[in-house]
Amino acid sequence: MNHSPATGVPDAPGSRRVRWIALGAIALALALIGGVLIYLSPLLALLEPHEASVGRVAGAPAAPPPPLDSKQRINILLLGSDNDQKFQQDALLSQTMIVVSIDPSTHQVTMLSLPRDLWVEIPGHPSAKIDLAYAQGGAPLARATVEKAFKIPIHYYAWVGLNGLVRVVDRVGGVDLDVLHPVLDDNYPNDFSESGYGTERVYLAAGPQHLDGRHALQYVRSRHGDLLSDFGRSVRQQQLLLAIQQRVAGMDLVAALPTFARDLNGHVKTDLDLLRLTQLALFMRDLHPGDVHQAYISAYVRDATSSDGQQILVADWPAIHAYLRQLFGGDLLP
Amino acid sequence: MTRRIAVLLLAMLVLAGCTSSGPVAHDPGRVVLPVKQVPVPGRLYATKGRALYRFSGTDLTRLRFGPRVKDPAVTSAGDRIAVAQLQDQSSTIVVSDPNGQNRQILTPSSLAEGSLWALAPAFDDDGHRIVYLTDRGKQPSSPQNLQPNDLGVWAYDLATGQTRRLVHPFAYTGGDSDPSYRPGVSDQLVYTTYLYGGAPLEPVARLTWMSLRTGATVYLSPDPGRNFEPALSRDGRFVAFIRGGAGGDDLCVMPLATTYTHELRPYPSDSAVLVQSGIVAQPVWAPDGSAIAFLKLVNGSFDLFILPIATDGAIHAAGAAQAVTHGSFLDADSRLAWSP
């Protein structure tokens, strides 16, 4: 017979039932919480501070990120690198640099491509092509370089490698985009060979079509069959970002985010925290095509040769800053 | 750690309250027909996952035509079919009877200049010639010595086996696309020219008419602009094409003059009639000219539609487009073909 430990009086049957129900409820709650944590644990891993792991201290942005509940503009620097086997993994160039600027007050997004060959001052280093900043100092130096040159406050960054991009596109079920020209490249770098060297032949027909990750990567990476060279590639990269956004818009985020995180762990680095990531995912999901604007500085740069013989782009900085004031109004750094 | 768990739970709650209204479509791996099937007059060919399918009435048949094919074409009588057969990094043009028997490989997969692409075949009116795309004739290229390898328009004579280049592409544009002979005449070609135009330079696609007799070419659409994938009606009087723009890729139809001697202003495409908006690709006319089939992006899937068209008097859609497939992820980079 059960007795109450305090009084020695036997429990009434109703009291025992209440205790069992309470224990069951607690166990169920713990199981639910545990399940949720297991379910979302990949996100925890993805959102760990990555730069520290390669021996660098994550640099602070020039301006702190706006509070979650504010309507202030948020700028994210997207970085992309060739990170196949032939490259030293802690000194990758950033072949892609796009500032994604989100204005919650107007519900507008602007994507600004920064050409990789642009000659800039890199803080603490000699002047060089802008893609060298990431190789020399990771995301913090890339962020500081963009902030110094363009006066755009970079609140967050996200870096993705070749495999990461392929996985993102495949995870959203492929992308739908309008291939602007036929893509023919007899010397396309074989991204996924074991050595990282070698070439393959690529053909993509022009016109609207569905692309998987591998073909989407070919579309944005190939430069051979494009007279506009790197600028043409910037246009295609922004096209792909838009196409990914449109696919994400139709996704169930509850189901998608943890799976995404599991797939992308090690292929994506970011200093976005989970709440901001969630907020941005919801914001992006509600965007319409007309809400997203594509911007380029191609009209304000010209070809040149550096003193050490590199083919570079030099900028008309007053013209670029005037252009950026048109795009971002007063949201630039002093 | 406690704060991180709290943040996770809060994010989960936010997400749970804001799930998508409808799941994004994923490729089912097969062709899906709608519950209420749309009968297809004649035989309409399309590819999915690089396999060839034939729609006829309410029947759907997967044709055994090699492991990976695209760009089916069919003679006006429907007795011969051509496809681009894809290998790992090359392709060849193959013709056969409509069931894939009596196959004949027409073009080489490689020559001295290296591996070759051969794509987008199209028969002439009597089925004696094929026009197609290839990078044949290019200069050998390497990463240290990059050479253009754009697609040009070539012709193959089925009686003699002789080939000849009809159009040299602009270098570093990817080349030309969508060639077809104009039905009703033996000496005219219509295709898409890819180039760069405008200021600053931007990708341009122009509808192009060519006289095979004189070699003269006339643009039928402006620069800048993106007008592509021309498809000629079986009587050769009309061309359906895709007009690309910020809002989408719309299906338009315009009449063709008997011949062209110079570029017209306004361009013929300027007065084309919009018959289907959206993200549309690969139009093809019904053999009797009463409809246009095309692929349209719906909920993330390219599906096959048929749109009735009236061309006597003012060109217009004579009804709503009907879906032949549903959520099937057909290959939108592969042409359609339609025979009686």
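1. A residue is called buried here if 20 or more other C-beta atoms lie within 10 Å of its own, exposed if 12 or fewer do, and partly exposed in between, with C-beta atoms placed from the backbone. By that criterion Val280(B) is buried, because 30 other C-beta atoms lie within 10 Å. Val280(B) belongs to strand 22 of chain B, residues 280-285, where strands (E, at least two residues) and helices (H or I, at least four) are DSSP runs numbered from the N terminus.

2. This is a predicted model, in which local features need pLDDT of at least 70 and side-chain atom pairs count only at pLDDT 80 or more, while totals for chains, interfaces and linings use all residues. Residues are numbered from 1 along each chain as its sequence is written, and chains are lettered from A and ligands numbered from 1 in the order in which they are written.

3. The surroundings of Val280(B) can be listed by contact, meaning that the C-beta atoms of two residues, placed from the backbone, lie within 7 Å. Residues up to four places away in sequence being left out, Val280(B) touches Ile242(B), Asp249(B), Asp250(B), Leu251(B), Phe294(B) and Lys296(B). Val298(B), 18 residues from Val280(B) in sequence, has its C-alpha atom 9.7 Å from that of Val280(B).

4. Gly244(B) lies in strand 19 of chain B, residues 238-245, and counts as buried because it has 23 C-beta neighbours inside 10 Å. Its contacts, apart from neighbours within four places in sequence, are Arg226(B), Phe228(B) and Asp249(B), together with Asp178(A). The C-alpha atoms of Gly244(B) and Ile105(B), by contrast, are separated by 35 Å, the two residues being 139 apart along the chain.

5. Chain B as a whole has 1 helix and 27 strands. Its radius of gyration is 22 Å, close to the 20 Å that the globule rule gives for 340 residues, so chain B is as compact as a globular protein of that length; the radius is taken over C-alpha atoms, and the rule is 2.2 Å times the number of residues to the power 0.38. The C-alpha atoms fill a box of roughly 80 × 55 × 50 Å along the principal axes. Of the 340 residues of chain B, 46% count as buried, and among its contacts between residues at least 6 apart in sequence, 46% join residues at least 24 apart.

6. In chain A, the axes of helix 3 (residues 162-171) and helix 4 (residues 213-221) come within 8 Å and cross at roughly 125°. That makes helix 3 of chain A oblique to helix 4 of chain A, since angles under 35 degrees count as roughly parallel, over 145 as roughly antiparallel, 65 to 115 as roughly perpendicular and the rest as oblique. Among the residues of helix 3 of chain A that meet helix 4 of chain A are Leu162(A), Leu165(A) and Val169(A), and the partners in helix 4 include Ala216(A) and Leu217(A).

7. Helix 3 of chain A is mostly covered, with 7 of its 10 residues buried, including Leu162(A), Gly164(A) and Arg167(A). Just after helix 3 of chain A, Gly173(A) takes a positive phi of about 85°.

8. Helix 4 of chain A also approaches helix 5 of chain A (residues 229-248), their axes coming within 8 Å and crossing at roughly 145°. At this contact Ala216(A), Tyr219(A) and Val220(A) in helix 4 of chain A meet Arg233(A), Arg236(A), Gln237(A) and Leu240(A) in helix 5 of chain A.

Key. Axes fitted to C-alpha atoms, helices over the stretch in contact; angles between N-to-C directions.
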